[in-house]
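Here are a few notes to read alongside the structure.

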Amino acid sequence: MSDTQFDKSWQKRTTKQELLLWLGWLALVAFFVFCWEVMNKNTIWAFVSDAPRQAMDIGSRMVPPRWDYLPSLMEPLWDTIAIATLGTLMALFMAVPVAFMAARNTTPSTRFVRPVALLIIVSSRSINSLIWALLLVAIIGPGVMAGIVAIAFRSIGFVAKLLYEAIEEIDAVQVEAVSATGASKAQIMDYAVVPQILPAFAGITVFRWDINIRESTVLGLVGAGGLGLRLQESLNVLAWPQVTVIFILILITVLVSEWVSAKVRHAII
Amino acid sequence: MSASAATSYPRTWTRPPFVKRAWLRWALYLGALVYLIVSVGSVEVNWVRVWEGLDRGVRFVQGFLVPDFTSRWEDILIGMEESLTMTVASTVVGVLISVPIGIGAARNIAPLPIYAICRAIIALSRSFQEIIVAILFVAMFGFGPLAGFMTLSFATIGFLAKLLAEDIEDIDESQAEAVRATGAGWWQIVNYAIQPQVMPRLIGLSLYRLDINFRESAVIGIVGAGGIGATLNTAMDRYEYDSAAAILILIILIVMAAEYSSGYVRKWLQ
Amino acid sequence: MLRLEGLSKVYGTGDRALTDVSLSVEPGQVIGLIGPSGAGKSTLIRCVNRLVEPTSGKIFLGDLEITGLSRGGLRQARRRIGMIFQEYALVERLTVMENVLSGRLGYVGFWRSFFRKFPPEAIENAYRLLDRVGLSAHVNKRADALSGGQRQRVGIARALEQDPDLLLIDEPTASLDPKTSRQIMRLIVEICDERGLPAIINIHDVALAQQFVRRIIGLQAGKVVFDGSPDELDADVLTKIYGEEDWSATIRKVDEDGEEAGDDDDEGSEEHIAALDRERLAGLT
């Protein structure tokens, strides 16, 4: 065996694989360049080259912030939090049944009900809350109510999707054990299913509430109430010092809500 | 602990409450209740306006049932073209920038000053949402998809670099150790010990971000950053609900297709 | 007390789990059911309370024909049949007490159970049972805070809280170490003796079965191939049940490492288990 010849070179992939890999990368680069060209066919590069100066200009106009604007932001801030909280609550009422209809192990019918539930989930998830707000402002008029419903519609899909995945992952043996005692359907839900998904449910809710705070700060841009409304007003009159104050307030709100949600999730799990 | 016949056992039992301190428990219940009542009360609803708007709502539902793809097809096509190209370009650029920042933000392989800088960039990118960034970029670069591209690239960095950094921090230390033991340099460690471990997830996350970027591209058009959102906004302004419905249906279909195919690709990669 | 007549089960996948099984269990009799993995032991005991729907055959509990029952009737019958599970099957996020009281669910209405307002006798009984299995100090702990042996004790208390006429016990010691296994088996047999309670115990550890059980039934590929006393278990019988192997060390000797005696799986057992899982989930819908 001592005269066996070993190769002096070694390659991770065969030459053909190597070639394919490079072709793949090349295709990606070509595709990127193509996209770039198409995207920028109408771009006016004079504006773009002007951007640093514009940035400096805006930056200089944004300071100093107009702090005396802050008190008048308290009511919109309250509205923003109300939109997020009530919207999340409203979403929960609709998301829970949808989740149970979408989970393979609890759906009444895989053939008919489940696809409908999945369609609700995907529609709700595909459309951003700002777009929902755009529609709802047109339908029920500008104001906090449109914001709440927009947040709710967007959150249904999110909550229902994560919840139905949690339902599908429950331990079937625990369910089996409770049904073996002669428990009814409702009791099986209460004793075997709900305890298993409750932590996930609470976690998802708080997580979504946090995201909703973030999103509800800008819903006012399309007229759905809250801080965004003041942002839109200030932008319209180019009141940059006010914009700065709003940005800072949004930032603080978002950070606080993130902290709260992390704390609560930690306490639950 | 022998159970003699004389032992008597309690006949009542209550579940231990989630919050142990009674005053705190009641304070929490009461606080939540009061907040709910006050905030519901603070929502002003103009029911007359809602009633009038129902008619529009009906028209909108009708639009969904019979969407109009044809009359604004040109605009829809341009919007979609902008959205899709913006999505691809920003994801590619975003990923390219995220990788070095993500590596720099991983505490186990980056020196402290670089770590601090990279974490700061991530925090900056994450704390402002796309729409606010878009407003600023539109003000700087003018209307159009380039501002949208900048926005989405910027947002991608915060998202991807953070997750990448967390992944690198979570890697199996023993593998890196083994490579380090062979006397490998920093670059070699990254290449041989870290890249193989995080690569599949990086690709998965990039595809996921592609998905998110498309959804966001539909929104930032509302503030003038180009894409299908601008088309949608115009349709809504003109009360052309059937065209708006057509655009929304297209968005949903594309998102579904993207989700399905990225799930497929991720499965294929593993 | 319990009578199976020509019981067969074919899973939707086409797997034959049980073929024409007939046997009867006398009052107060504890039966050890042995056989290789995939022989149909789990399926057999799950057919008794119809967690798995038998394909054909009849099951009688006393004079009651379980196989013919409607949904409501089945619930009533299940109250009389306590079950103890392999992986304890406690609801992990509920307290020990809630787990034990869940044995009473068949007797109370939904709202009472929802508000945890069980009758005082049920609560008293639960305390007594927890004391009997040595867990009075853990009443308000969450089930997932207990050790394996403790969890199985809760599982036993839950089954007894039903005040059953029959116990079905599925691999009670599979997840436990040898010492705890023996403690749990002893506890089960003692309790069955105290109450004159008949039981069927699925068990893979032949030595453990021989040590604690007076009647053993051997199942092979869904058929009963042995039914007799532990003394009759010799190398020939074990070969008939499990296949060719050197059995001299297994017979009448407790294997201290607690490893499975018959872990050489039959082919197709994986599918059995998967099919079983699907049927378990069917209980939810």
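1. A term to begin with: a nonpolar core is a set of buried Ala, Val, Leu, Ile, Met, Phe, Trp, Tyr and Cys residues joined through side-chain atoms within 4.5 Å. Please keep in mind that this is a predicted model.

2. The largest nonpolar core has 88 residues, and the members that touch the most others are C:Met97, C:Leu130, C:Ile156 and C:Leu233. Its largest share comes from helix H7 (residues 144–168) of chain A, which supplies eight residues. As background, nonpolar side chains in soluble globular proteins tend to be buried together.

3. Is A:Ser155 buried or exposed? It counts as buried, because its relative accessibility is 0%, and the cut-off for buried is under 20%.

4. Which side chains does A:Ser155 meet through polar contacts? Its side chain pairs with that of A:Asn212 at 3.0 Å and with that of A:Arg208 at 3.4 Å. Beyond its neighbours within four places in sequence, A:Ser155 is also in contact with A:Ala91 and A:Ser124, among others.

5. Finally, have a look at helix H8 (residues 186–220) of chain B. With 35 residues, a straight helix would reach 51 Å at 1.5 Å a residue, but the end C-alpha atoms of H8 are only 40 Å apart. Where is the kink in H8(B)? The kink, of about 60 degrees, lies at B:Gln195, shortly before the proline B:Pro196.

Conventions:
Residues are numbered from 1 along each chain as its sequence is written. Chains are lettered from A and ligands numbered from 1 in the order in which they are written. This is a predicted model: local features need pLDDT of at least 70, side-chain atom pairs count only at pLDDT 80 or more; totals for chains, interfaces and linings use all residues. Side-chain values use heavy atoms; hydrogens and water are left out. Buried means under 20% relative accessible area, exposed over 50%, partly exposed in between (1.4 Å probe, protein chains only). Helices (H or I, at least four residues) and strands (E, at least two) are DSSP runs, numbered from the N terminus. A polar contact is a pair of N or O atoms within 3.5 Å; within protein, one must be able to donate a hydrogen and the other to accept it, and residues adjacent in sequence count only if both atoms are side-chain atoms. Contact means heavy atoms within 4.5 Å. The expected span of a helix is 1.5 Å times one less than its number of residues. The bend at a residue is the angle between axes fitted to the seven residues ending there and the seven starting there.
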